[in-house]
Amino acid sequence: MTSAADRRATLIILDGACADVFADLVAACELTSISRHLLASGGITPATTVFPSTTGVAYLPFLTGCYPGTCDIPGIRWLDVARYGGRWWRDRAHVRSYCGLQAGLINHDLPHQMPTLFDLEPDSVALCSPFKRGLAPDRDRVRLGRTVWGGIAHYTAGYGVLERAVGRELCRVAAERHRFVFAVFPGVDGVTHFWDPQHPDVLSMYREFDDIIGDYAAAGGFDGDNLTLLVSDHGLARVDRHTDISIELEAIGLPVLRHPVIWRREPKAAVMVSGNGSVQVYLRPGVTRSERYTITQIERGGVDGVPTFLPRYLASLPGVAMVVGTDGPGLCLISRSGRARLLADGDGHIRYAPETADVLRLGGGGVHTEREWLERTLDTPFPDAPAQLFQVFRSRRAGDLVVVAEAGSDLRLDWEIPEHHSGHGSLIADHMRCLVACNMPIAGPVRTVDLFPLILEYLDIPVPQEIDGVAPRLGAVRRT
Ligand SMILES: [Zn+2]
């Protein structure tokens with residue numbers, strides 16, 4: 001192996017790629033270039049993404065090593081209750097949607113002192129990336145194509161033009177030998193929303209991507225010591241039911257502030273959707289406060305104009321797996337069959353305690369470290385849920401209540417344009433399990449936050465101390 005100064009790293013996001021669909025195509029010998037140039041010397045590692053499992057937000061772990069909660073970006077939409085004073089136009093900066101005009105603000109909403117991979121490795125290039133903090137302007141490639149073709153494809157599913165543009169640029173940068181390359185291929189995610197993860201049009205996107213990897217290899221992309229990671233930011237699953245949380249709240253007399261038109265007279269709740277498999281609910285938006293309302297406060301009638309049965313009502317709606325809120329030192333999880341608690345024990349352990357129901361469907365309670373919980377929950381209905389629920393409430397911009405969709409459902413009907421036939425954003429396995437393939441073997445399971453320190457160590461760049469990720473060993477692979 002050459003010296004660290006000669007090493008390069010490449011992180012390719014195949015947005016929305018499902019690990020099981022990918023593995024099936026590999027097994028059927030349909031991804032021959034990927035098999036030859038990546039998997040032959042490395043492999044696929046079992047992996048989970050972050051909650052909410054949604055595009056943009058779920059890119060942050062790769063580039064910062066931190067969870068969305070640590071990044072203070074708890075979803076693709078959020079409301080800052082400490083600063084939103086109810087003047088919907090003058091205070092609009094304190095209500096966020098990264099879908100639309102505010103998309104670029106994701107670069108500024110991150111804590112200023114948090115370094116990105118682009119900051120830490122100045123010789124970085126990004127292709128078709130929505131996140132660009134720390135990148136020199138000439139290093140931000142396929143920027144216009146992303147805006148123009150990505151915008152059109154969102155309504156037409158015609159992602160081929162954009163995919164090929166990113167592919168051509170990837171081949172070009174192969175010759176430029178940058179130390180770090182970050183490339184986003186949005187087609188699998190975009191096309192799957194129109195169909196389902198197994199649809200022929202979706203499978204074609206994987207195959208076309210495999211051709212791009214073949215071209216990239218021919219252009220010298222894999223030459224030298226180039227740690228190459230092929231990952232997804234989340235999986236996807238078919239949606240047969242849309243339960244619109246805003247409509248359900250209006251039905252019990254609560255005026256709701258929501259996107260895209262955030263004006264609402266005297267709202268009692270704000271509903272911020274991510275994915276569309278999860279929703280954050282903020283009570284009494286417009287009345288500024290520094291603390292979030294706890295489940296106990298809500299259920300004891302301590303929130304003016306909000307009924308005490310609200311958490312149970314939301315948990316009882318069809319398509320809802322659970323409602324989560326803070327309570328004392330921990331979290332209260334409510335499903336239609338009962339409730340459970342998650343407590344941080346203070347020494348790095350998380351305690352899961354079913355009270356009247358095993359909401360996380362783990363077969364019982366337990367006390368484990370965050371890392372142990374990943375191993376123990378990887379193959380359960382809600383992979384990594386104990387750590388993921390805690391991290392999202394770390395953000396002061398997270399809602400009072402987080403509503404999690406169950407398999408087969410999402411939480412938006414009005415304004416879901418175009419209608420999503422598949423979705424993500426929830427805590428369910430199909431959304432949380434994601435693709436991590438590499439041309440070197442990685443010991444798993446891993447979280448997507450772990451790849452940031454892995455890349456830095458490989459490039460011999462000091463890893464920032466205050467991150468959530470832990471670099472996995474480059475070594476034995478536990479195959480799925
Ligand atoms: Zn995505």
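Predicted model: local features only at pLDDT ≥ 70, side-chain atom pairs only at ≥ 80, totals over all residues.
Me: Which residues are the protein donors of the zinc ion?

Reply: They are D15 (OD), T55 (OG1), D233 (OD) and H234 (NE2). Their distances from the zinc ion run from 1.9 to 2.3 Å.

Me: What spacing do the donors follow along the chain?

Reply: The pattern is D-x39-T-x177-D-H. T55 sits in the loop between β3 (47–48) and α3 (60–64). H234 sits in the loop between β9 (226–231) and β10 (237–238). The pair therefore ties together parts that are 179 residues apart in sequence.

Me: Is T55 buried, partly exposed or exposed, and what about H234?

Reply: Buried means under 20% relative accessible area, and exposed means over 50%. T55 has 25% relative accessibility, so T55 counts as partly exposed. H234 has a relative accessible area of 0%, so H234 is buried.

Me: How is a whole helix read in this way? Take α15: how many of its residues are buried?

Reply: Check each residue in turn. Helix α15 covers residues 385–393, and nine of the nine are buried. That is why α15 is largely enclosed by the rest of the structure. Among the buried residues are A385, P386, F390 and F393.

Me: Next, pockets. How is empty space found?

Reply: Rolling a probe the size of a water molecule over the atoms shows where empty space is left. Here, the second largest pocket has a volume of about 320 Å³.

Me: What lines the second largest pocket?

Reply: The lining has 22 residues. C18, A19, D20, D430 and R433 lie nearest the pocket's centre. By type, the lining divides into 14 nonpolar, four polar and four charged residues. Helices α1 (19–27) and α16 (429–432) each supply at least two lining residues. The largest share, four residues, comes from α1.

Me: Last one. How many disulfides are there?

Reply: The test is a pair of cysteine sulfur atoms within 2.5 Å. By this rule the count is zero. C128 is in no disulfide, and its nearest cysteine sulfur, that of C171, is 15 Å away. For C171, the closest cysteine sulfur is in C128, and 15 Å is too far for a bond. C128 has 3% relative accessibility, so C128 counts as buried.

Methods: Residues numbered from 1 in each chain as written. Heavy atoms only, no water. Donors = N, O, S within 2.8 Å, 3.2 Å for Na, K, Ca; no water. Buried < 20%, exposed > 50% of the residue type's maximum accessible area, 1.4 Å probe, protein only. 1 Å grid on protein atoms, 1.4 Å probe; cavity = no way out; pocket = protein on both sides within 12 Å on 5 of 7 lines; lining within 4 Å. Points joined across faces, edges and corners; volume = space filled by probe spheres on them. Nonpolar A, V, L, I, M, F, W, Y, C, P; charged D, E, K, R; others polar.
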